Amino acid sequence: MRIRSLRKARGWSLDNLAERAGISPSQLSRIETGHRRLSLDQLTAISRALGKSLDELVESPDDSDVVIRPQRDERSGLTTWLLSKDDGPHGLTVGKVRITDQAGEIAPDDLGVHPGRDWFTVLSGTVVLYLGERVIRVEAGQAASFSTMTPHALRSDRGPAEILTILDRNGECSHLST
């Protein structure tokens with residue numbers, strides 16, 4: 001995460017950024033030092049306060065390899081860019097995902113189940129989230145969070161969609177393994 005470096009580059013104190021993001025300075029300090037798990041709501045608020053996109057906020061500060069190469073999975077219709085390397089903060093992985101498989105009939109075998117939680121926010125397009133018996137449309141600018149013990153799948157609606165996702169270790173193994 002680049003929160004501290006982006007805050008300092010603006011000359012802001014913890015109090016300045018915390019006030020702009022609507023979180024307490026102590027929470028922000030623990031987030032910056034990796035002693036507190038960052039929620040999607042907090043990530044979005046901090047991103048907005050800093051005037052940075054979510055993917056800019058989670059870019060690696062290490063520029064030894066600045067190119068993030070996509071991984072395409074033809075079977076699932078997903079292209080993934082891993083934005084956090086070497087086990088991100090608190091074992092969470094941040095990725096940008098392009099979904100090209102179109103919404104439609106879903107077979108029971110298409111729905112995955114695994115321990116943990118998934119969080120995502122839609123950057124562009126519309127995502128159709130199949131969650132158990134429910135079908136939920138998630139538009140650009142909206143986010144979703146759900147237990148992955150509920151059978152689930154993601155598809156795009158009327159064209160490709162891109163999401164920023166935060167996965168725990170179980171979610172990474174289930175969704176991003178090649």
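**Exercise 1.** Which residue in β3 is the bridge partner of L78?

*Solution.* This is a predicted model, in which local features need pLDDT of at least 70, side-chain atom pairs count only at pLDDT 80 or more, and totals for chains, interfaces and linings use all residues. Residues are numbered from 1 along each chain as its sequence is written, and side-chain values use heavy atoms, with hydrogens and water left out.

Step 1. Strands (E, at least two residues) and helices (H or I, at least four) are DSSP runs, numbered from the N terminus. Strand β2 covers residues 78-82 and strand β3 covers residues 93-99.

Step 2. Two strands pair if DSSP finds at least two bridges between them. β2 and β3 are joined by five bridges, in the antiparallel sense.

Step 3. The bridge partner of L78 in β3 is I99.

**Exercise 2.** State the strand order of the open sheet and find its edges.

*Solution.* Step 1. The order of the six strands is β1-β2-β3-β9-β4-β7, with antiparallel pairing.

Step 2. β1 (71-73) and β7 (143-147) each have a single partner strand, so they stand at the edges and one side of each has no neighbour in the sheet.

Step 3. From one strand to the next, the twist averages 25°.

**Exercise 3.** Describe where helix α4 lies and decide whether it is largely enclosed.

*Solution.* Step 1. Helix α4 (residues 40-50) lies across β4 (117-124), β7 and β9 (161-167). It runs at about 30° to β4; axes are lines fitted to C-alpha atoms, for helices over the stretch in contact (heavy atoms within 4.5 Å), and angles run from 0 to 180 degrees between N-to-C directions.

Step 2. Buried means under 20% relative accessible area, exposed over 50%, and partly exposed in between (1.4 Å probe, protein chains only). The buried residues of α4 include L40, L43, I46 and L50.

Step 3. Eight of the 11 residues of α4 are buried, so the helix is largely enclosed by the rest of the structure.

Step 4. After α4 comes G51, with a positive phi near 70°.

**Exercise 4.** Characterise the surroundings of R137.

*Solution.* Step 1. R137 belongs to strand β6 (residues 134-139).

Step 2. R137 counts as partly exposed because its relative accessibility is 41%.

Step 3. Leaving out residues up to four places away in sequence, R137 touches T126, V127, Q142, D157 and R158.
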